[in-house]
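Okay, thanks for coming, everyone.

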Amino acid sequence: MTEPARPSSLDAAFPARRLRRLRRTPALRRLVAEAHLGVDDLVAPLFVREGVDSPVPIPSMPGEVQHTVDSLVAEAKRLVSLGVPGLIVFGVPAHKDAQGSGAWDPDGVVQLALRALRDAVGDELVLMADLCLDEYTEHGHCGILGPSGEVLNDPTLELYQRIALAQATAGADVVAPSGMMDGQVGAIRTALDGSGHHDVALLAYASKYASALYGPFRDAVDVTIAGGGDRRAYQQDPRNGREALAEIELDVAEGADMVMVKPAMTSLDVLAAARGRVDVPLAAYHVSGEYAMVKAAAAAGWLDGEAVALEQLTVLKRAGADFVLTYFAAEVAEALGG
Ligand code: PBG
């Protein structure tokens with residue numbers, strides 16, 4: 001019997017499967033890449049403000065603006081030309097009240113925007129509407145308040161149903177309830193089906209944490225929560241992961257066509273676990289604070305903002321997202337050559 005060839009000292013020090021073999025050239029790396037970020041994966045969140053003549057920059061979200069209806073339509077056309085398949089619109093009303101009536105007013109700013117968008121882009125873009133009350137209530141909460149300032153669940157659901165009908169009538173392809181009331185998906189599906197809007201799809205903000213990363217967004221929609229309050233009594237506790245999965249499954253059971261996880265980079269565990277549990281399309285929302293952090297560090301010259309954006313959004317695909325809502329949508333579409 002001859003002895004097997006003795007490994008050289010170098011071979012002995014490394015495992016047999018040399019991982020660097022497949023990292024050697026760009027073509028090899030492309031061939032074995034597990035996750036791909038493409039223009040088709042992007043949804044652009046956009047803000048439209050009532051009563052302004054020209055777009056208003058949002059200081060904490062460099063490059064983002066509160067649009068007029070006209071500038072919103074122009075941006076939507078640009079997204080079409082870049083190949084981005086969808087947008088989600090948020091409204092900033094001129095007047096807020098206790099109930100948030102601007103949210104379901106047929107002539108409310110989002111409804112006007114949806115009609116104008118549909119006229120301008122037809123079916124070339126998926127038009128999503130964020131469905132919530134906080135932008136429209138003077139107290140800044142996502143529902144109406146009871147006598148001791150608590151957010152009332154079921155009375156709020158009735159208002160969400162009205163908003164859904166207003167958005168569907170104005171032409172939304174997708175309504176996206178973000179208020180985190182219990183039973184909101186089922187209530188909205190019932191209202192849509194009961195009024196003949198069977199084709200309007202529901203993207204549930206299913207796992208939405210009470211996060212400090214929404215700070216810049218609140219500047220974007222002029223929301224201050226009354227009395228220095230927060231949303232911890234209805235949004236999820238960042239300490240909980242199993243609860244997030246339970247809420248995702250409940251939303252699917254209530255009729256969600258698609259579910260979303262938010263914020264993105266701090267929910268990768270939830271995203272990956274959700275991918276294994278539900279078969280509906282799964283989205284991640286790379287939120288305002290995540291965008292602002294990258295923009296601020298890039299502006300300071302501390303990192304390459306575009307590279308970080310591409311890396312983060314690609315990792316969301318790797319973790320299991322089918323698509324990503326991101327303020328980087330147009331910028332990344334350009335970088336991807338869309
Ligand atoms: C509620 C809503 C919020 C965001 C999306 N929908 C704010 C909140 O829950 O306080 C945050 C999005 C972002 O930070 O980019 N209408």
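Is arginine 30 buried or exposed? Arginine 30 is exposed, because its relative accessible area is 64%, and exposed here means over 50%, buried means under 20%, and partly exposed is in between, with a 1.4 Å probe and protein chains only.

Quick caveats. This is a predicted model, where local features need pLDDT of at least 70, side-chain atom pairs count only at pLDDT 80 or more, and totals for chains, interfaces and linings use all residues. Residues are numbered from 1 along each chain as its sequence is written, and side-chain values use heavy atoms, with hydrogens and water left out.

Back to arginine 30: you'll find it in helix 2, residues 26-32 (helices are DSSP runs of H or I, at least four residues, strands are runs of E, at least two, and both are numbered from the N terminus). Between arginine 30 and proline 55 there are 40 Å, C-alpha to C-alpha, though they sit 25 residues apart in sequence.

Now, the ligand. It has 18 residues around it, and Asp134, Lys208, Arg218, Ser288 and Tyr327 come nearest (a residue is near if one of its heavy atoms lies within 4 Å). By class, that shell has 8 nonpolar, 3 polar and 7 charged residues; Ala, Val, Leu, Ile, Met, Phe, Trp, Tyr, Cys and Pro count as nonpolar, Asp, Glu, Lys and Arg as charged, and the others, Gly among them, as polar. Strand 7 (201-208) and helix 7 (215-220) each put at least two residues into the shell.

What about nitrogen atoms of the ligand? Aspartate 134 has a polar side-chain atom 2.7 Å from one, and for glutamate 135 the distance is 3.1 Å. On the oxygen side, an N or O atom in the side chain of arginine 231 is 2.8 Å from a ligand oxygen. And the protein covers 100% of the 410 Å² of accessible area that the ligand has on its own, by the Shrake-Rupley method with a 1.4 Å probe.

Methionine 180 isn't a glycine, yet its phi is positive, near 65 degrees. It lies in the loop between strand 6 (174-177) and helix 6 (184-194), and it counts as buried because its relative accessible area is 3%. Aspartate 222 also has a positive phi, near 55 degrees, but this residue is partly exposed, at 38%. And the peptide bond from lysine 262 to proline 263 is cis, omega near -10 degrees.

Notes:
A polar contact is a pair of N or O atoms within 3.5 Å; within protein, one must be able to donate a hydrogen and the other to accept it, and residues adjacent in sequence count only if both atoms are side-chain atoms.
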